[in-house]
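User: Please take a close look at one part of this protein for me. I would like to know how its charged side chains pair up, and what surrounds them.

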Amino acid sequence: MSKNIFIALLALTVSTAAYSQAGSVRIEQPPLIAELLLKHITYNEANPGMNGYRIRIYRDNSGGARQRSEGVATAFTEAFPDVPAYRGYDNPYFKVSVGDFRSKDDAIKVFARIKRSYPNAYLVPERINLPPL
């Protein structure tokens, strides 16, 4: 849900004007500010989440890679139910990445545990899901 903060501020200023006789607030801004805010909102709606890190446990482009990626994701979810797994396709590779880590330090803490079961795992910067509120 996008909300234009400048319209919200205007509504707030109008609604509080009736309660205040002592002064007023006037907000002035160049049109470029509203345009940049709208671009930012549009980008965030098209690209949900945030920049962060995941652990890549599988990447392959050979025959049968699609089915193997599904098997790897399923096996991982059974072994590590507390860490989400994501299957993806980045031409020509099928891949499985796990976790939603906001920082590299957070990813490294879990990486040590996963590396025992997936020795070829490595960290990758990716767009991650926002943490639950």
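Analyst: Start with Glu126 and Arg54. They form a salt bridge, and their closest N and O atoms are 3.1 Å apart. A salt bridge here is a side-chain nitrogen of Lys or Arg within 4 Å of a carboxyl oxygen of Asp or Glu. This pair links distant parts of the chain: Glu126 is in strand E4 (residues 122-128), Arg54 is in strand E1, and 72 residues separate them. Strands (E, at least two residues) and helices (H or I, at least four) are DSSP runs, numbered from the N terminus.

A word on the model. It is predicted, so local features need pLDDT of at least 70 and side-chain atom pairs count only at pLDDT 80 or more, while totals for chains, interfaces and linings use all residues. Residues are numbered from 1 along each chain as its sequence is written, and side-chain values use heavy atoms, leaving out hydrogens and water.

Now the cover. Arg54 counts as buried, at 7% relative accessibility. Glu126 is buried too, with a relative accessible area of 16%. Buried means under 20% relative accessible area, exposed over 50%, and partly exposed in between (1.4 Å probe, protein chains only).

Arg54 has another partner. Its side chain meets that of Asp100 in a salt bridge (2.7 Å, N to O). Asp100 lies in strand E3 and Arg54 in strand E1, so this pair ties together parts that are 46 residues apart in sequence. Asp100 is partly exposed, with a relative accessible area of 25%.

Next, Arg68 and Asp60. Their side chains meet in a salt bridge of 2.8 Å, N to O. Arg68 is partly exposed at 36% relative accessible area, whereas Asp60 is buried at 17%. Elsewhere, salt bridges that share partners join Arg54, Arg56, Asp100 and Glu126 into one network. The structure holds six salt bridges.

The side chains of Ser97 and Arg56 are joined by a polar contact of 2.8 Å. A polar contact is a pair of N or O atoms within 3.5 Å; within protein, one must be able to donate a hydrogen and the other to accept it, and residues adjacent in sequence count only if both atoms are side-chain atoms. Not counting residues up to four places away in sequence, Ser97 touches several residues, including Arg54, Arg56 and Glu126. Contact means heavy atoms within 4.5 Å.
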